[in-house]
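Biologist: Could you take me on a close look at one part of this model, the place where the two chains meet, and then show me what lies around it? I am new to this, so please go step by step.

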Amino acid sequence: MNLEKIKLDIETAVPGCHVGIILNGSPCAQHSLLLDRDNALEVARFLRDDPELHLDYCSNVSGVDWLDTETSEKVKVMKLVEGVEQETEEVRKTRVPGYLEAVYHLYSMEKKHGPLVIRMRTGNRTDRITLPSLTPVWRSAEFQEREIFDLYGIIFEGHPDLRRILMWDEFEDHPMRKDYVEPNDYEYEPTPHDAVLEKSKQARAIEGQQ
Amino acid sequence: MDTELKNELSRQGIFTTTLEEVYNWGRRSSVWPLTFGLACCAIEMIATSMARYDLARFGAEVFRPSPRQADLMIVAGTVTKKMAPQVVRLYNQMPEPKYVIAMGACAISGGPFKQGYNVLKGIDRYIPVDVHIPGCPPRPEALIDAFITLQKKIDAQSLTGSNRPRYLDADAPSEFIVPEYGAHDLEPPKNVKLWNIIYKTAPNGSGTTSENEPGKD
């Protein structure tokens, strides 16, 4: 599938939408399209209904949690040191804010092609965590979007029945997020080691206080 | 009664017994398990009850679909935190005397899922377990072995004295707290009192495999 062509097709069919191409450097070279949140539903309808693409089957929806990242690079700068211009090294830090991502794998049963991978990203990881639901377009996304809502906390707008699916309703955390802290119930460990040893020590310390 | 005298009498065609023996024999020969399975261990449990391994030889073929008619709870499989309250509630609904076999790595400790956020680290955090069987899953022979161990344990119980089983002790509880769904974990995350109760009233010297005491190293 030629992503460049699909991108152009989308942009002519849905005016005003921004589609990005995310390259995958690994040997599989499965590149994907990044859709903007506002037009994603319309783009999804186009992908499904376009006679040439006809992506009628959504096989898989996954969530990804991207933490805030900080990259530092060394830059050479000319500076005045004691009246003499010298070349010094300076460390510049760039901070990329984190976001949550939903990834959809689309196939066409009729045309026998695919997968086309599309992604959507939230604004950040805390308060702008809304994405449009693609369940109205592909019914098979319903449970998987619920699972992402449960485990990652992405709110899918337009989902017909957005409830937790695996954890209980009273649960407040999102266990698949990278900063999730699990409850420490490691007070009995017959052969603790590494991370479990640390948790076990903590749990025993808490037990000792009670 | 003296064992030698008893043997001598039985050679002469006279059968003697005690009320305790008959009582325990009756109970251990008709232990009816509760029909429920939680994961892949349940497949082994089903195999155990079918013709090839034939749990019926030990009087336990009648799997009851209601906790009110069951004597034995075989916790066969992974107990997720979401499922734990229901398992404890089923246990509470069973009439005394009742027994629990924790079958497989998951039921005794959480098994391969121990470090997951969603799996209970052993059903003995909430209900007293008589026999633990390791294995992932245990073979039907292992379940039969656990069952025979349980029968030996029942046989060794005395009806009176400080050694008497939990259900003959009016002060000992027969129902345990059902955990509730909390914001981050089950509430309470474990029944602390439980581990003391089991070892205070458990009959000793029965050679059970339940001697691997939780809470101790």
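Modeller: Here is a walk from the interface into each chain, ending with the cysteines.

Please keep in mind that this is a predicted model. Let us start with the meeting place itself. On one side, 22 residues of chain B are in contact with 21 residues of chain A. Together the two chains bury about 1,900 Å² between them, and carbon and sulfur atoms give 52% of that area.

Now look at the charges. There are 2 salt bridges between chain B and chain A. In one salt bridge, the side chain of A:Asp185 meets that of B:Lys81, with 3.5 Å from N to O. The residues of chain B that touch chain A divide into 6 nonpolar, 6 polar and 10 charged. A:Asp185 and B:Lys81 also belong to a network of salt bridges that links them with B:Lys121 and B:Asp185. Polar contacts join the chains as well, with 6 residue pairs found across the interface.

Next, step away from the interface and follow the salt bridges within each chain. Over all chains, the structure holds 25 salt bridges. In chain A, the side chains of A:Arg119 and A:Glu101 meet at 3.0 Å, N to O. A:Arg119 sits in strand β7 and A:Glu101 in strand β6, 18 residues apart, so this pair links distant parts of the chain. A:Arg119 counts as buried at 18% relative accessibility, and A:Glu101 is buried too, at 0%.

A:Thr122 is buried, with a relative accessible area of 3%. Its side chain reaches the backbone oxygen of A:Asn124 at 2.9 Å. Beyond its sequence neighbours within four places, A:Thr122 is in contact with several residues, among them A:Arg37, A:Tyr99 and A:Ile154.

Chain B has its own links. B:Lys6 and B:Glu21 form a salt bridge at 3.2 Å, N to O, and this pair connects helix α1 with helix α2. B:Lys6 is partly exposed at 23%, and B:Glu21 is partly exposed at 39%. In the loop between those two helices you will find B:Thr16, which is buried at 17%. Among the residues B:Thr16 touches is B:Lys6. Another salt bridge pairs B:Arg166 with B:Glu96, their closest N and O atoms being 2.8 Å apart. These two lie in separate loops, 70 residues apart; B:Arg166 is buried at 14%, whereas B:Glu96 is partly exposed at 27%.

Finally, what about disulfides? A search of the whole structure finds 0 of them. The sulfur of A:Cys28 has its closest cysteine sulfur in A:Cys58, 18 Å away, which is too far for a bond. A:Cys28 counts as exposed, at 53% relative accessibility. For B:Cys40, the nearest cysteine sulfur is that of B:Cys41, 5.6 Å away, and B:Cys40 is in no disulfide. A disulfide needs the two sulfur atoms to be within 2.5 Å. B:Cys40 is exposed as well, with a relative accessible area of 53%.

How values were computed: Residues are numbered from 1 along each chain as its sequence is written. Chains are lettered from A and ligands numbered from 1 in the order in which they are written. This is a predicted model: local features need pLDDT of at least 70, side-chain atom pairs count only at pLDDT 80 or more; totals for chains, interfaces and linings use all residues. Side-chain values use heavy atoms; hydrogens and water are left out. Helices (H or I, at least four residues) and strands (E, at least two) are DSSP runs, numbered from the N terminus. Buried means under 20% relative accessible area, exposed over 50%, partly exposed in between (1.4 Å probe, protein chains only). Contact means heavy atoms within 4.5 Å. Buried area is the accessible area (1.4 Å probe) that two parts lose on being put together, summed over both. A salt bridge is a side-chain nitrogen of Lys or Arg within 4 Å of a carboxyl oxygen of Asp or Glu. A polar contact is a pair of N or O atoms within 3.5 Å; within protein, one must be able to donate a hydrogen and the other to accept it, and residues adjacent in sequence count only if both atoms are side-chain atoms. Ala, Val, Leu, Ile, Met, Phe, Trp, Tyr, Cys and Pro count as nonpolar, Asp, Glu, Lys and Arg as charged, and the others, Gly among them, as polar.
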